Amino acid sequence: MVGGYDNTVRVLTLDPSNLMHQLTVQAVPAQPSSLQLVSLAGFVCFVSMMNLRTLLLCMHSGSSERGSYDLYLFVGLANGVMIRSRLGEADGTLSDARKR
């Protein structure tokens, strides 16, 4: 994953036969300042900051398979907004983008 000054996030492949090939690009409303790829095993977690206290909320994602997990890309923007997108394992596509 690469965050660009042109307000985009790009997912690139690390496959040696096709190194650095762009799989997908996502436009964001401000410059990305941080990127984090998170694997969540059947749970979706949200972090909320309220009055200097951190609240972590976790919910089961509905997946019934043991050992299943979802990959999420968290993008922190220069304007303070965070975007969470689901990363497709097979093709590297970004979907289900949510802002906070």
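Val75 makes contacts, beyond its neighbours within four places in sequence, with Val9, Pro32, Ser34, Leu35, Val81, Met82 and Ile83. The model examined here is predicted, and the protein has an average pLDDT of 78, with 72% of the residues scoring at least 70. Over residues 48–56 the pLDDT falls below 50, and this stretch has 11 contacts in the model beyond near neighbours in sequence. Where pLDDT is low, predicted coordinates should not be read in detail.

The protein contains 9 strands and 0 helices, so that, by the DSSP runs used to assign these elements, the pattern read along the sequence is β-β-β-β-β-β-β-β-β. Of the contacts between residues at least 6 apart in sequence, 42% join residues at least 24 apart. Buried residues account for 29% of the 100 residues in the protein.

The largest nonpolar core comprises 11 residues, namely Val9, Val11, Val28, Ala30, Leu71, Leu73, Val75, Leu77, Ile83, Leu87 and Leu94. At least two residues of this core come from each of strand 2 (8–12), strand 7 (70–77) and strand 8 (82–87). The greatest contribution is that of strand 7, which supplies 4 residues. In soluble globular proteins, nonpolar side chains tend to be buried together. Val75, a member of this core, has two further core members, Val9 and Ile83, among its contacts.

Leu77, which also belongs to the core, is found in strand 7. With a relative accessible area of 5%, Leu77 is classed as buried because this value is under the 20% limit. Not counting residues up to four places away in sequence, Leu77 touches Val28, Pro29, Ala30, Gln31, Pro32, Ser33 and Ile83. Leu77 and Pro32 are separated by 45 residues in sequence, yet their C-alpha atoms lie 4.4 Å apart in space. Pro32 is also listed among the contacts of Val75.

Val25 is located in strand 3 (residues 22–27). The relative accessible area of Val25 is 39%, and the residue is therefore partly exposed, since this value falls between the limits of 20% and 50%. Apart from residues up to four places away in sequence, Val25 touches Thr8, Val9 and Arg10. Val9 is itself a member of the largest nonpolar core.

Backbone geometry was examined next. Most residues other than glycine have a negative phi. Met20, although not a glycine, has a positive phi of about 65 degrees, and Met20 lies in the loop between strand 2 and strand 3. A positive phi, of about 55 degrees, is likewise found at Asp96, which is not a glycine. Asp96 is placed in strand 9 (residues 94–99) and is partly exposed, with a relative accessible area of 34%.

Technical notes. Residues numbered from 1 in each chain as written. Predicted model: local features only at pLDDT ≥ 70, side-chain atom pairs only at ≥ 80, totals over all residues. Heavy atoms only, no water. pLDDT = per-residue confidence, 0-100. Contact = heavy atoms within 4.5 Å. Core = buried A, V, L, I, M, F, W, Y, C linked by side-chain atoms within 4.5 Å. Buried < 20%, exposed > 50% of the residue type's maximum accessible area, 1.4 Å probe, protein only.
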